[in-house]
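The sequence and structure come next.

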Amino acid sequence: MSNPQDEKLIVAFSGNPMDAETIKQLLENHNIEASIVNSYTSTIAPHIVPDATVMIMQKDIDAATDLLKNFSLSN
């Protein structure tokens, strides 16, 4: 039986929309389902919503953390 906590969405990254898209692609390339929240709004109205947020499932947090700890957006 699966743990309901594993199905909970959590924040993997929060920042500018272009970086969020890069992070989402990295996660998806490693078979971690990800989605971006507020990407459009943070682009057209950064004074209202300054950051885009990448969301993942709780069950994927360990794999995502391992990927992101050695990843630099300046690559």
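K69 counts as exposed, at 58% relative accessibility, where exposed means over 50% relative accessible area, buried under 20% and partly exposed in between (1.4 Å probe, protein chains only). The model is predicted: local features need pLDDT of at least 70, side-chain atom pairs count only at pLDDT 80 or more, and totals for chains, interfaces and linings use all residues. Residues are numbered from 1 along each chain as its sequence is written, and side-chain values use heavy atoms, with hydrogens and water left out.

- K69 pairs with D66 in a salt bridge at 3.8 Å, N to O, the term meaning a side-chain nitrogen of Lys or Arg within 4 Å of a carboxyl oxygen of Asp or Glu.
- Both residues lie in helix α3 (residues 61-69), 3 residues apart, about one turn of the helix; helices (H or I, at least four residues) are DSSP runs numbered from the N terminus.
- D66 is partly exposed, with a relative accessible area of 47%.

- K24 and E28 form a salt bridge, their closest N and O atoms being 3.2 Å apart.
- Helix α1 (residues 17-29) holds both K24 and E28, 4 residues apart, about one turn of the helix.
- K24 is buried at 17% relative accessible area, whereas E28 is partly exposed at 30%.

**Salt bridge between K59 and D60**
- The closest N and O atoms of K59 and D60 are 3.5 Å apart in this salt bridge.
- K59 is partly exposed, with a relative accessible area of 48%, while D60 is buried at 13%.

**Total**
- The count comes to 3 salt bridges.

Notes: Helix = DSSP H or I, 4+ residues; strand = E, 2+ residues; numbered from the N terminus.
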